[in-house]
Amino acid sequence: MKYWSQFFVPTLKESPADAEIASHKLLVRAGLVRKLSGGLYTYMPLGLRTLQKITQICREELDESGAIELWMPHVHPAENWQKGPRWNAAREIMFRADHAGDGKKSSPDPEFVLGPTHEEVITPLIKAEISSYRDLPKNFYQIATKFRNEIRPRYGLMRAREFVMMDAYSFDANEAGAEVAYGKMKAAYEAFFKRVGVLAIAVEADTGVMGGSFSHEFMVPAEVGDDDVIYCETSGYAANREKATSGLVPADFVVAAPTAETEKFATPGVVTIAALAKEPYSVAPDAQFKTLVYVGDDKPFLVILRGSDDLEEAKLGALGYTLVRPATPEEIAPIMGAKPGSLGAVKGTIAQPDKLDGIYADNAIKLIGNGTTGANEDGFHLRNVNVERDLAITGWGDFRTVKAGEPCPLCGEPLKSRRGIEVGHIFILGTKYSDCFEATYMDDQKQTHPMVMGCYGIGISRTLQAVIEQGHDQDGIVWPWAVAPFQVLICNLDPQLAEAADLAKAIGVAAELAGADVLIDDRAERPGVKFKDADLIGIPLRVTIGGRGLKNGIVEVKWRHEKDVASIPVAEAASHIAGLVEQQAAR
(Lines give C-alpha, C1' and ligand atoms only; values in the text may rest on other atoms or scores of the structure.)
Protein backbone atom coordinates (compact mmCIF):
# COMPACT_ATOMS: atom_id res chain seq x y z
CA MET A 1 0.00 0.00 0.00
CA LYS A 2 1.33 3.39 -1.03
CA TYR A 3 0.39 6.91 0.02
CA TRP A 4 0.27 9.49 -2.75
CA SER A 5 2.01 12.11 -0.62
CA GLN A 6 4.97 9.76 -0.10
CA PHE A 7 4.97 8.29 -3.60
CA PHE A 8 5.64 10.18 -6.86
CA VAL A 9 2.89 10.77 -9.41
CA PRO A 10 3.83 13.89 -11.40
CA THR A 11 0.62 14.52 -13.37
CA LEU A 12 0.34 17.37 -15.86
CA LYS A 13 -2.63 19.49 -16.88
CA GLU A 14 -1.40 20.06 -20.43
CA SER A 15 -0.20 17.63 -23.08
CA PRO A 16 3.40 17.86 -24.32
CA ALA A 17 3.80 19.75 -27.57
CA ASP A 18 5.50 16.84 -29.36
CA ALA A 19 2.81 14.27 -28.50
CA GLU A 20 0.75 13.47 -31.60
CA ILE A 21 -1.56 10.70 -30.40
CA ALA A 22 -3.77 10.20 -27.36
CA SER A 23 -1.75 7.42 -25.74
CA HIS A 24 1.49 9.42 -26.01
CA LYS A 25 -0.18 12.44 -24.42
CA LEU A 26 -1.57 10.34 -21.60
CA LEU A 27 1.73 8.57 -20.96
CA VAL A 28 3.25 11.93 -20.15
CA ARG A 29 0.27 13.67 -18.53
CA ALA A 30 -0.38 10.72 -16.20
CA GLY A 31 3.26 10.74 -15.10
CA LEU A 32 4.15 7.34 -16.56
CA VAL A 33 7.18 8.43 -18.56
CA ARG A 34 9.40 11.42 -19.17
CA LYS A 35 11.31 12.11 -22.38
CA LEU A 36 15.09 12.30 -22.27
CA SER A 37 15.61 12.71 -26.02
CA GLY A 38 13.99 11.58 -29.25
CA GLY A 39 12.91 7.97 -28.76
CA LEU A 40 14.45 7.75 -25.26
CA TYR A 41 12.23 7.68 -22.16
CA THR A 42 12.56 7.33 -18.40
CA TYR A 43 9.88 5.13 -16.85
CA MET A 44 8.47 6.95 -13.85
CA PRO A 45 7.13 4.98 -10.84
CA LEU A 46 3.62 4.43 -12.22
CA GLY A 47 4.91 3.51 -15.68
CA LEU A 48 7.48 1.13 -14.25
CA ARG A 49 4.85 -0.67 -12.17
CA THR A 50 2.74 -1.33 -15.26
CA LEU A 51 5.78 -2.31 -17.30
CA GLN A 52 6.74 -4.83 -14.62
CA LYS A 53 3.24 -6.30 -14.55
CA ILE A 54 3.15 -6.73 -18.31
CA THR A 55 6.62 -8.30 -18.14
CA GLN A 56 5.54 -10.77 -15.45
CA ILE A 57 2.44 -11.83 -17.37
CA CYS A 58 4.61 -12.38 -20.44
CA ARG A 59 7.09 -14.42 -18.39
CA GLU A 60 4.34 -16.60 -16.93
CA GLU A 61 2.84 -17.39 -20.33
CA LEU A 62 6.25 -18.14 -21.88
CA ASP A 63 7.16 -20.42 -18.96
CA GLU A 64 3.81 -22.17 -19.34
CA SER A 65 4.58 -22.81 -23.02
CA GLY A 66 7.83 -24.56 -22.08
CA ALA A 67 10.21 -21.75 -23.06
CA ILE A 68 13.33 -21.28 -20.90
CA GLU A 69 14.46 -17.83 -19.75
CA LEU A 70 18.03 -16.61 -20.13
CA TRP A 71 19.79 -13.26 -20.52
CA MET A 72 22.13 -12.24 -23.33
CA PRO A 73 24.47 -9.24 -23.72
CA HIS A 74 23.19 -6.00 -25.20
CA VAL A 75 26.59 -5.25 -26.76
CA HIS A 76 27.33 -7.56 -29.71
CA PRO A 77 30.57 -8.11 -31.61
CA ALA A 78 29.97 -6.79 -35.11
CA GLU A 79 31.64 -9.90 -36.51
CA ASN A 80 28.67 -11.97 -35.34
CA TRP A 81 26.38 -9.84 -37.46
CA GLN A 82 28.79 -9.79 -40.38
CA LYS A 83 28.75 -13.58 -40.40
CA GLY A 84 24.95 -13.66 -40.29
CA PRO A 85 22.55 -13.28 -43.22
CA ARG A 86 21.31 -9.71 -42.70
CA TRP A 87 24.29 -7.49 -41.91
CA ASN A 88 23.78 -5.24 -44.94
CA ALA A 89 20.04 -4.98 -44.36
CA ALA A 90 20.16 -4.42 -40.58
CA ARG A 91 23.27 -2.29 -40.02
CA GLU A 92 21.40 0.96 -40.78
CA ILE A 93 19.11 0.45 -37.76
CA MET A 94 21.91 -0.48 -35.35
CA PHE A 95 23.84 1.79 -33.02
CA ARG A 96 27.61 1.45 -33.07
CA ALA A 97 29.30 0.67 -29.77
CA ASP A 98 32.96 1.36 -30.58
CA HIS A 99 35.71 1.80 -28.01
CA ALA A 100 35.48 5.15 -26.27
CA GLY A 101 38.25 7.22 -24.70
CA ASP A 102 41.13 5.22 -26.16
CA GLY A 103 42.06 7.69 -28.88
CA LYS A 104 41.02 5.39 -31.72
CA LYS A 105 39.26 6.88 -34.70
CA SER A 106 36.01 5.35 -35.83
CA SER A 107 36.37 2.88 -38.68
CA PRO A 108 33.78 2.39 -41.44
CA ASP A 109 32.75 -0.86 -39.74
CA PRO A 110 32.16 -0.92 -35.98
CA GLU A 111 33.78 -3.41 -33.64
CA PHE A 112 30.61 -3.67 -31.56
CA VAL A 113 26.93 -2.84 -32.05
CA LEU A 114 23.97 -2.51 -29.68
CA GLY A 115 21.58 -5.41 -30.19
CA PRO A 116 18.23 -4.74 -31.89
CA THR A 117 17.51 -8.48 -31.60
CA HIS A 118 19.58 -11.59 -30.85
CA GLU A 119 19.52 -14.20 -33.62
CA GLU A 120 23.23 -13.58 -34.27
CA VAL A 121 24.00 -14.19 -30.59
CA ILE A 122 21.73 -17.10 -29.69
CA THR A 123 22.55 -19.20 -32.77
CA PRO A 124 26.34 -19.52 -32.18
CA LEU A 125 25.58 -20.04 -28.47
CA ILE A 126 23.34 -23.02 -29.20
CA LYS A 127 25.83 -24.33 -31.78
CA ALA A 128 28.38 -24.57 -28.98
CA GLU A 129 25.99 -26.09 -26.43
CA ILE A 130 23.75 -28.50 -28.36
CA SER A 131 24.97 -31.20 -30.74
CA SER A 132 22.53 -34.12 -30.40
CA TYR A 133 18.91 -34.68 -31.36
CA ARG A 134 18.38 -35.80 -27.75
CA ASP A 135 18.74 -32.17 -26.62
CA LEU A 136 16.05 -30.92 -29.00
CA PRO A 137 13.61 -29.24 -29.08
CA LYS A 138 14.51 -26.15 -27.06
CA ASN A 139 13.06 -22.66 -26.86
CA PHE A 140 14.92 -19.86 -25.07
CA TYR A 141 13.65 -16.37 -24.30
CA GLN A 142 14.66 -13.16 -22.60
CA ILE A 143 12.89 -9.93 -21.64
CA ALA A 144 15.40 -7.15 -22.08
CA THR A 145 16.22 -3.75 -23.53
CA LYS A 146 16.74 -3.45 -27.29
CA PHE A 147 18.19 -0.62 -29.38
CA ARG A 148 17.22 0.48 -32.89
CA ASN A 149 18.33 3.64 -34.61
CA GLU A 150 14.91 4.92 -35.62
CA ILE A 151 15.44 7.72 -38.11
CA ARG A 152 12.21 9.38 -37.00
CA PRO A 153 11.23 8.31 -33.49
CA ARG A 154 7.65 9.30 -32.73
CA TYR A 155 4.45 8.34 -30.96
CA GLY A 156 6.20 7.91 -27.61
CA LEU A 157 7.00 4.27 -26.90
CA MET A 158 5.50 3.14 -30.21
CA ARG A 159 8.58 4.01 -32.23
CA ALA A 160 11.42 4.42 -29.77
CA ARG A 161 15.19 4.02 -30.03
CA GLU A 162 15.42 2.10 -26.77
CA PHE A 163 12.62 -0.27 -25.78
CA VAL A 164 11.81 -3.39 -23.81
CA MET A 165 11.12 -6.55 -25.80
CA MET A 166 10.59 -10.22 -25.19
CA ASP A 167 12.56 -12.15 -27.79
CA ALA A 168 12.51 -15.95 -28.02
CA TYR A 169 14.29 -18.48 -30.25
CA SER A 170 13.24 -22.07 -30.84
CA PHE A 171 15.48 -24.87 -32.11
CA ASP A 172 14.03 -28.05 -33.60
CA ALA A 173 15.22 -31.09 -35.48
CA ASN A 174 12.88 -30.58 -38.44
CA GLU A 175 10.23 -28.35 -39.97
CA ALA A 176 7.40 -30.31 -38.35
CA GLY A 177 8.89 -29.71 -34.92
CA ALA A 178 9.37 -26.04 -35.70
CA GLU A 179 5.69 -25.75 -36.59
CA VAL A 180 4.76 -27.32 -33.25
CA ALA A 181 6.93 -24.75 -31.44
CA TYR A 182 5.37 -22.01 -33.56
CA GLY A 183 1.88 -23.15 -32.57
CA LYS A 184 2.77 -23.17 -28.87
CA MET A 185 4.16 -19.66 -29.08
CA LYS A 186 1.15 -18.41 -31.01
CA ALA A 187 -1.09 -19.78 -28.25
CA ALA A 188 1.13 -18.18 -25.58
CA TYR A 189 0.84 -14.83 -27.36
CA GLU A 190 -2.93 -15.09 -27.50
CA ALA A 191 -3.07 -15.87 -23.77
CA PHE A 192 -0.69 -13.00 -22.98
CA PHE A 193 -2.64 -10.35 -24.84
CA LYS A 194 -5.92 -11.60 -23.37
CA ARG A 195 -4.49 -11.32 -19.84
CA VAL A 196 -3.12 -7.80 -20.31
CA GLY A 197 -6.54 -6.75 -21.57
CA VAL A 198 -5.75 -5.72 -25.11
CA LEU A 199 -7.39 -6.90 -28.33
CA ALA A 200 -4.62 -8.16 -30.62
CA ILE A 201 -5.39 -9.80 -33.97
CA ALA A 202 -3.01 -12.38 -35.44
CA VAL A 203 -2.45 -11.51 -39.09
CA GLU A 204 -0.32 -13.07 -41.81
CA ALA A 205 2.83 -11.01 -42.20
CA ASP A 206 5.85 -10.46 -44.40
CA THR A 207 9.07 -11.98 -43.03
CA GLY A 208 11.13 -8.90 -44.01
CA VAL A 209 14.85 -8.88 -43.19
CA MET A 210 14.28 -11.69 -40.69
CA GLY A 211 13.73 -14.13 -43.54
CA GLY A 212 12.10 -17.50 -43.04
CA SER A 213 9.11 -19.32 -44.43
CA PHE A 214 6.12 -17.61 -42.79
CA SER A 215 5.12 -15.36 -39.92
CA HIS A 216 2.25 -13.68 -38.10
CA GLU A 217 2.02 -10.23 -36.59
CA PHE A 218 -0.16 -9.45 -33.61
CA MET A 219 -1.88 -6.16 -34.34
CA VAL A 220 -3.82 -3.92 -31.96
CA PRO A 221 -6.54 -2.13 -33.96
CA ALA A 222 -6.03 1.62 -33.61
CA GLU A 223 -6.63 4.55 -35.93
CA VAL A 224 -3.10 5.84 -35.33
CA GLY A 225 -1.43 2.54 -36.19
CA ASP A 226 1.54 2.42 -38.55
CA ASP A 227 0.26 -0.65 -40.39
CA ASP A 228 -2.85 -1.55 -42.38
CA VAL A 229 -4.69 -4.75 -41.52
CA ILE A 230 -6.66 -6.32 -44.35
CA TYR A 231 -9.32 -8.67 -43.03
CA CYS A 232 -12.59 -10.46 -43.72
CA GLU A 233 -15.19 -10.78 -41.01
CA THR A 234 -16.85 -13.73 -42.75
CA SER A 235 -13.89 -16.06 -43.27
CA GLY A 236 -11.57 -14.74 -40.54
CA TYR A 237 -8.82 -14.00 -43.06
CA ALA A 238 -6.40 -11.34 -41.78
CA ALA A 239 -3.05 -10.12 -43.07
CA ASN A 240 -1.00 -6.98 -42.91
CA ARG A 241 -0.84 -4.84 -46.03
CA GLU A 242 2.62 -6.11 -46.97
CA LYS A 243 1.40 -9.71 -47.05
CA ALA A 244 -2.28 -9.40 -47.95
CA THR A 245 -3.66 -10.96 -51.09
CA SER A 246 -7.15 -11.12 -52.54
CA GLY A 247 -9.32 -13.15 -54.89
CA LEU A 248 -9.27 -10.40 -57.52
CA VAL A 249 -7.73 -12.71 -60.14
CA PRO A 250 -9.09 -16.28 -59.99
CA ALA A 251 -6.50 -19.03 -60.50
CA ASP A 252 -8.29 -20.19 -63.66
CA PHE A 253 -8.65 -16.72 -65.19
CA VAL A 254 -8.13 -16.76 -68.96
CA VAL A 255 -6.32 -13.77 -70.51
CA ALA A 256 -8.14 -12.11 -73.39
CA ALA A 257 -6.86 -12.86 -76.89
CA PRO A 258 -5.18 -10.09 -78.96
CA THR A 259 -7.64 -7.61 -80.49
CA ALA A 260 -5.27 -5.81 -82.90
CA GLU A 261 -1.63 -5.27 -83.75
CA THR A 262 0.37 -3.03 -81.44
CA GLU A 263 0.41 0.61 -82.51
CA LYS A 264 2.86 3.31 -81.45
CA PHE A 265 1.43 6.78 -80.86
CA ALA A 266 2.91 10.08 -79.75
CA THR A 267 2.38 11.23 -76.14
CA PRO A 268 4.58 14.33 -75.79
CA GLY A 269 5.06 15.34 -72.16
CA VAL A 270 2.93 12.46 -70.86
CA VAL A 271 4.96 10.70 -68.15
CA THR A 272 2.34 9.65 -65.58
CA ILE A 273 -0.60 7.28 -65.38
CA ALA A 274 -2.90 10.20 -64.59
CA ALA A 275 -1.77 12.23 -67.61
CA LEU A 276 -2.42 9.33 -69.99
CA ALA A 277 -5.91 8.97 -68.51
CA LYS A 278 -6.81 12.52 -69.57
CA GLU A 279 -7.98 13.70 -72.97
CA PRO A 280 -7.06 13.35 -75.74
CA TYR A 281 -5.74 9.88 -74.80
CA SER A 282 -8.36 8.84 -72.21
CA VAL A 283 -6.70 5.56 -71.30
CA ALA A 284 -8.15 4.40 -67.98
CA PRO A 285 -5.51 3.55 -65.32
CA ASP A 286 -6.75 -0.05 -65.11
CA ALA A 287 -6.08 -0.39 -68.87
CA GLN A 288 -2.47 0.79 -68.57
CA PHE A 289 0.63 -1.29 -67.87
CA LYS A 290 2.90 0.32 -65.30
CA THR A 291 6.56 -0.71 -65.74
CA LEU A 292 8.92 -0.17 -62.81
CA VAL A 293 12.67 -0.74 -62.73
CA TYR A 294 14.20 -2.09 -59.52
CA VAL A 295 17.65 -3.28 -58.51
CA GLY A 296 18.05 -6.47 -56.48
CA ASP A 297 21.53 -7.29 -55.20
CA ASP A 298 22.98 -4.95 -57.87
CA LYS A 299 20.98 -6.64 -60.66
CA PRO A 300 18.23 -4.61 -62.40
CA PHE A 301 14.83 -6.15 -63.04
CA LEU A 302 11.35 -5.02 -64.13
CA VAL A 303 8.00 -5.22 -62.35
CA ILE A 304 4.77 -4.77 -64.35
CA LEU A 305 1.51 -3.75 -62.68
CA ARG A 306 -1.78 -2.22 -63.69
CA GLY A 307 -1.68 1.56 -63.76
CA SER A 308 -4.40 1.60 -61.10
CA ASP A 309 -2.34 -0.48 -58.68
CA ASP A 310 0.49 0.34 -56.28
CA LEU A 311 3.56 -1.79 -55.82
CA GLU A 312 3.94 -3.37 -52.36
CA GLU A 313 7.74 -3.40 -52.17
CA ALA A 314 7.84 -5.96 -49.36
CA LYS A 315 6.36 -8.53 -51.73
CA LEU A 316 9.46 -8.30 -53.91
CA GLY A 317 11.15 -10.33 -51.20
CA ALA A 318 9.57 -13.38 -52.85
CA LEU A 319 12.00 -12.91 -55.74
CA GLY A 320 14.91 -13.96 -53.54
CA TYR A 321 16.98 -10.79 -53.50
CA THR A 322 18.61 -9.73 -50.22
CA LEU A 323 18.58 -5.98 -50.92
CA VAL A 324 16.04 -4.34 -53.21
CA ARG A 325 15.75 -0.67 -54.20
CA PRO A 326 14.23 1.42 -57.01
CA ALA A 327 16.62 2.05 -59.89
CA THR A 328 17.74 5.64 -60.46
CA PRO A 329 16.86 7.50 -63.68
CA GLU A 330 20.56 7.35 -64.59
CA GLU A 331 20.47 3.56 -64.31
CA ILE A 332 17.18 3.20 -66.17
CA ALA A 333 17.80 5.14 -69.38
CA PRO A 334 20.69 3.05 -70.83
CA ILE A 335 18.90 -0.23 -70.16
CA MET A 336 15.42 0.70 -71.26
CA GLY A 337 16.20 3.31 -73.93
CA ALA A 338 13.91 5.91 -72.36
CA LYS A 339 13.34 7.87 -69.19
CA PRO A 340 10.71 6.91 -66.57
CA GLY A 341 7.25 7.72 -67.87
CA SER A 342 7.75 6.04 -71.26
CA LEU A 343 8.78 2.57 -70.12
CA GLY A 344 7.36 -0.77 -71.16
CA ALA A 345 8.18 -4.45 -71.44
CA VAL A 346 7.03 -5.21 -74.97
CA LYS A 347 9.29 -7.68 -76.72
CA GLY A 348 11.92 -6.04 -78.90
CA THR A 349 11.55 -2.53 -77.45
CA ILE A 350 14.00 -2.71 -74.52
CA ALA A 351 17.41 -1.26 -75.44
CA GLN A 352 19.52 -3.74 -73.44
CA PRO A 353 17.30 -6.65 -72.38
CA ASP A 354 20.37 -8.74 -71.54
CA LYS A 355 21.09 -6.33 -68.66
CA LEU A 356 17.85 -7.32 -66.93
CA ASP A 357 17.84 -10.11 -64.36
CA GLY A 358 14.14 -10.73 -64.98
CA ILE A 359 10.77 -9.25 -65.95
CA TYR A 360 8.11 -9.98 -63.33
CA ALA A 361 4.40 -9.31 -63.76
CA ASP A 362 1.72 -8.90 -61.15
CA ASN A 363 -1.13 -11.34 -61.62
CA ALA A 364 -3.67 -8.50 -61.94
CA ILE A 365 -2.33 -7.39 -65.34
CA LYS A 366 -4.13 -10.45 -66.72
CA LEU A 367 -7.32 -8.47 -66.15
CA ILE A 368 -6.15 -5.89 -68.70
CA GLY A 369 -5.78 -8.39 -71.50
CA ASN A 370 -5.07 -5.72 -74.10
CA GLY A 371 -3.81 -2.36 -72.94
CA THR A 372 -1.40 0.54 -73.28
CA THR A 373 2.21 0.83 -72.16
CA GLY A 374 5.33 2.91 -72.74
CA ALA A 375 7.21 2.37 -76.00
CA ASN A 376 10.68 2.74 -74.42
CA GLU A 377 11.00 5.87 -76.50
CA ASP A 378 10.59 9.24 -74.83
CA GLY A 379 7.23 10.76 -75.74
CA PHE A 380 5.66 7.60 -77.17
CA HIS A 381 3.38 4.79 -75.99
CA LEU A 382 2.05 1.56 -77.49
CA ARG A 383 -1.63 0.55 -77.61
CA ASN A 384 -3.23 -2.85 -78.26
CA VAL A 385 -0.52 -4.52 -76.18
CA ASN A 386 -1.58 -8.09 -75.34
CA VAL A 387 -0.38 -9.66 -72.11
CA GLU A 388 0.50 -13.07 -73.55
CA ARG A 389 1.52 -12.09 -77.07
CA ASP A 390 3.58 -8.96 -76.48
CA LEU A 391 5.03 -8.79 -72.98
CA ALA A 392 8.38 -10.47 -72.30
CA ILE A 393 7.42 -11.88 -68.88
CA THR A 394 9.80 -14.25 -67.11
CA GLY A 395 7.82 -14.71 -63.91
CA TRP A 396 4.44 -14.03 -62.31
CA GLY A 397 3.58 -13.09 -58.73
CA ASP A 398 1.49 -11.04 -56.32
CA PHE A 399 3.24 -7.67 -56.11
CA ARG A 400 0.40 -5.20 -55.68
CA THR A 401 -1.15 -3.54 -52.64
CA VAL A 402 -4.54 -5.04 -51.87
CA LYS A 403 -7.40 -2.57 -51.43
CA ALA A 404 -10.51 -2.72 -49.26
CA GLY A 405 -13.51 -3.98 -51.21
CA GLU A 406 -11.61 -6.59 -53.18
CA PRO A 407 -12.87 -10.17 -52.75
CA CYS A 408 -11.56 -12.24 -49.84
CA PRO A 409 -9.19 -14.97 -51.09
CA LEU A 410 -11.03 -17.51 -48.92
CA CYS A 411 -14.72 -16.72 -49.34
CA GLY A 412 -15.08 -13.94 -51.90
CA GLU A 413 -16.75 -11.44 -49.56
CA PRO A 414 -15.43 -7.84 -49.69
CA LEU A 415 -12.25 -7.30 -47.69
CA LYS A 416 -12.04 -4.53 -45.09
CA SER A 417 -9.09 -2.45 -43.95
CA ARG A 418 -8.18 -0.72 -40.72
CA ARG A 419 -5.09 0.64 -39.05
CA GLY A 420 -3.21 -1.33 -36.43
CA ILE A 421 -0.23 -1.19 -34.07
CA GLU A 422 2.17 -4.12 -34.20
CA VAL A 423 2.83 -5.44 -30.70
CA GLY A 424 4.16 -8.91 -31.48
CA HIS A 425 5.67 -10.95 -34.30
CA ILE A 426 6.41 -14.65 -34.74
CA PHE A 427 8.51 -16.28 -37.48
CA ILE A 428 9.57 -19.68 -38.66
CA LEU A 429 13.12 -18.97 -39.79
CA GLY A 430 13.99 -22.38 -41.16
CA THR A 431 17.75 -22.92 -41.42
CA LYS A 432 18.71 -19.42 -42.59
CA TYR A 433 20.67 -18.64 -39.42
CA SER A 434 21.74 -22.16 -38.47
CA ASP A 435 23.32 -22.54 -41.92
CA CYS A 436 25.30 -19.32 -41.49
CA PHE A 437 26.59 -20.30 -38.05
CA GLU A 438 26.79 -24.05 -38.71
CA ALA A 439 24.41 -24.78 -35.85
CA THR A 440 23.89 -28.48 -36.47
CA TYR A 441 22.87 -31.59 -34.55
CA MET A 442 23.50 -35.29 -35.06
CA ASP A 443 20.52 -37.63 -35.46
CA ASP A 444 20.21 -41.22 -34.25
CA GLN A 445 21.86 -42.42 -37.48
CA LYS A 446 24.93 -40.25 -36.87
CA GLN A 447 23.85 -37.91 -39.69
CA THR A 448 24.36 -34.16 -39.30
CA HIS A 449 21.55 -31.65 -39.99
CA PRO A 450 21.05 -27.90 -39.46
CA MET A 451 18.66 -26.98 -36.67
CA VAL A 452 15.33 -25.51 -37.76
CA MET A 453 14.72 -22.23 -35.99
CA GLY A 454 11.85 -19.99 -35.06
CA CYS A 455 11.99 -16.51 -33.54
CA TYR A 456 9.40 -14.57 -31.61
CA GLY A 457 9.08 -11.04 -30.27
CA ILE A 458 6.66 -9.05 -28.11
CA GLY A 459 7.12 -5.33 -27.67
CA ILE A 460 6.63 -5.07 -23.90
CA SER A 461 6.95 -1.28 -23.73
CA ARG A 462 4.94 -0.89 -26.93
CA THR A 463 2.21 -3.09 -25.43
CA LEU A 464 2.06 -0.73 -22.46
CA GLN A 465 1.21 2.17 -24.74
CA ALA A 466 -1.09 0.03 -26.92
CA VAL A 467 -3.18 -0.74 -23.83
CA ILE A 468 -3.60 3.00 -23.28
CA GLU A 469 -4.33 3.69 -26.95
CA GLN A 470 -7.07 1.08 -26.86
CA GLY A 471 -8.30 1.96 -23.35
CA HIS A 472 -8.85 5.66 -22.69
CA ASP A 473 -11.56 8.30 -22.75
CA GLN A 474 -11.67 12.07 -22.74
CA ASP A 475 -10.66 12.18 -19.06
CA GLY A 476 -7.66 9.87 -19.10
CA ILE A 477 -6.52 6.26 -19.03
CA VAL A 478 -8.87 3.33 -18.37
CA TRP A 479 -6.54 0.54 -17.21
CA PRO A 480 -7.42 -3.15 -17.40
CA TRP A 481 -7.25 -4.68 -13.93
CA ALA A 482 -4.25 -6.95 -14.53
CA VAL A 483 -1.78 -4.27 -15.64
CA ALA A 484 -2.97 -1.19 -13.76
CA PRO A 485 -0.12 0.33 -11.70
CA PHE A 486 -2.55 0.20 -8.77
CA GLN A 487 -5.93 -1.51 -8.86
CA VAL A 488 -7.60 0.37 -6.01
CA LEU A 489 -7.36 4.12 -5.42
CA ILE A 490 -8.69 5.40 -2.11
CA CYS A 491 -9.41 9.13 -2.30
CA ASN A 492 -9.41 10.58 1.19
CA LEU A 493 -10.99 13.99 0.76
CA ASP A 494 -10.38 14.95 4.40
CA PRO A 495 -7.00 13.43 5.33
CA GLN A 496 -6.82 15.62 8.45
CA LEU A 497 -9.72 13.68 9.98
CA ALA A 498 -8.46 10.71 12.00
CA GLU A 499 -11.65 8.76 11.28
CA ALA A 500 -11.17 9.21 7.51
CA ALA A 501 -7.48 8.28 7.65
CA ASP A 502 -8.18 5.17 9.76
CA LEU A 503 -10.96 4.02 7.44
CA ALA A 504 -8.78 4.58 4.35
CA LYS A 505 -6.06 2.43 5.89
CA ALA A 506 -8.53 -0.30 6.93
CA ILE A 507 -10.03 -0.50 3.43
CA GLY A 508 -6.57 -0.46 1.92
CA VAL A 509 -5.41 -3.36 4.09
CA ALA A 510 -8.52 -5.39 3.23
CA ALA A 511 -8.05 -4.74 -0.47
CA GLU A 512 -4.38 -5.71 -0.30
CA LEU A 513 -5.14 -8.92 1.55
CA ALA A 514 -7.64 -9.74 -1.20
CA GLY A 515 -4.88 -9.30 -3.79
CA ALA A 516 -4.99 -5.69 -5.00
CA ASP A 517 -2.30 -3.03 -5.21
CA VAL A 518 -3.56 0.02 -3.34
CA LEU A 519 -2.79 3.72 -3.57
CA ILE A 520 -4.23 6.13 -0.99
CA ASP A 521 -4.57 9.74 -2.09
CA ASP A 522 -3.88 11.55 1.17
CA ARG A 523 -2.87 14.88 -0.39
CA ALA A 524 -4.16 18.14 0.99
CA GLU A 525 -5.82 18.97 -2.33
CA ARG A 526 -9.30 20.02 -3.36
CA PRO A 527 -11.71 17.17 -4.25
CA GLY A 528 -11.86 18.35 -7.87
CA VAL A 529 -8.08 18.03 -8.25
CA LYS A 530 -8.12 14.55 -6.75
CA PHE A 531 -10.96 13.35 -8.97
CA LYS A 532 -9.31 14.73 -12.12
CA ASP A 533 -6.04 13.03 -11.24
CA ALA A 534 -7.91 9.81 -10.45
CA ASP A 535 -9.51 9.78 -13.88
CA LEU A 536 -6.24 10.75 -15.55
CA ILE A 537 -4.13 7.93 -14.09
CA GLY A 538 -7.01 5.51 -14.64
CA ILE A 539 -6.92 3.22 -11.56
CA PRO A 540 -9.79 0.72 -12.09
CA LEU A 541 -11.57 0.99 -8.72
CA ARG A 542 -11.95 4.25 -6.79
CA VAL A 543 -13.13 4.51 -3.20
CA THR A 544 -13.98 8.00 -1.93
CA ILE A 545 -13.94 8.84 1.75
CA GLY A 546 -14.96 12.28 3.02
CA GLY A 547 -16.26 14.01 6.10
CA ARG A 548 -19.72 14.51 4.60
CA GLY A 549 -20.00 10.87 3.63
CA LEU A 550 -18.84 9.74 7.05
CA LYS A 551 -21.58 11.82 8.67
CA ASN A 552 -24.06 9.93 6.51
CA GLY A 553 -22.32 6.62 7.26
CA ILE A 554 -21.23 5.88 3.67
CA VAL A 555 -18.26 5.74 1.33
CA GLU A 556 -18.56 6.00 -2.45
CA VAL A 557 -17.32 3.31 -4.83
CA LYS A 558 -16.87 3.86 -8.56
CA TRP A 559 -15.37 1.81 -11.37
CA ARG A 560 -13.25 3.89 -13.74
CA HIS A 561 -15.03 2.55 -16.83
CA GLU A 562 -18.52 3.24 -15.43
CA LYS A 563 -20.43 6.45 -14.70
CA ASP A 564 -22.47 5.15 -11.78
CA VAL A 565 -21.32 5.72 -8.20
CA ALA A 566 -22.39 3.31 -5.46
CA SER A 567 -22.85 4.27 -1.82
CA ILE A 568 -21.65 1.62 0.62
CA PRO A 569 -22.22 1.67 4.40
CA VAL A 570 -19.01 2.39 6.29
CA ALA A 571 -19.32 -0.78 8.31
CA GLU A 572 -19.41 -2.89 5.13
CA ALA A 573 -16.87 -0.91 3.12
CA ALA A 574 -13.75 -2.99 3.79
CA SER A 575 -15.44 -6.34 3.16
CA HIS A 576 -17.29 -5.00 0.12
CA ILE A 577 -14.08 -3.74 -1.53
CA ALA A 578 -12.30 -6.99 -0.68
CA GLY A 579 -15.13 -8.87 -2.36
CA LEU A 580 -14.83 -6.78 -5.53
CA VAL A 581 -11.09 -7.42 -5.61
CA GLU A 582 -11.59 -11.17 -5.21
CA GLN A 583 -14.11 -11.17 -8.07
CA GLN A 584 -11.53 -9.55 -10.34
CA ALA A 585 -8.83 -12.00 -9.28
CA ALA A 586 -11.12 -14.92 -10.09
CA ARG A 587 -11.69 -13.79 -13.69
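Tutor: Leu489, Ala534, Asp535, Ile539, Pro540, Arg542, Lys558, Trp559 and Arg560 line the largest cavity. A cavity is a set of points on a 1 Å grid over the protein atoms alone where a 1.4 Å probe fits but cannot get out, and lining residues have an atom within 4 Å of a point. This is a predicted model, where local features need pLDDT of at least 70, side-chain atom pairs count only at pLDDT 80 or more, and totals for chains, interfaces and linings use all residues. Residues are numbered from 1 along each chain as its sequence is written, and side-chain values use heavy atoms, leaving out hydrogens and water.

Student: Which elements give two or more residues to that lining?
Tutor: Those are α13 (527-537) and β30 (554-559). Helices (H or I, at least four residues) and strands (E, at least two) are DSSP runs, numbered from the N terminus.

Student: What is the volume of the second largest cavity?
Tutor: About 30 Å³, as the space filled by probe spheres set on the points, with grid points joined across faces, edges and corners. Its lining is Asp227, Asp228, Asn240, Arg241 and Glu242.

Student: New topic. How many residues of α1 are buried?
Tutor: Six of the eight residues in α1 (residues 22-29) are buried, meaning under 20% relative accessible area with a 1.4 Å probe, protein chains only. They are Ser23, His24, Leu26, Leu27, Val28 and Arg29.

Student: And what follows α1?
Tutor: Gly31, with a positive phi near 75°.

Terms used. On a 1 Å grid over the protein atoms alone, a cavity is a set of points where a 1.4 Å probe fits but cannot get out, and a pocket is an open set with protein on both sides within 12 Å along at least five of seven lines; lining residues have an atom within 4 Å of a point. Buried means under 20% relative accessible area, exposed over 50%, partly exposed in between (1.4 Å probe, protein chains only).
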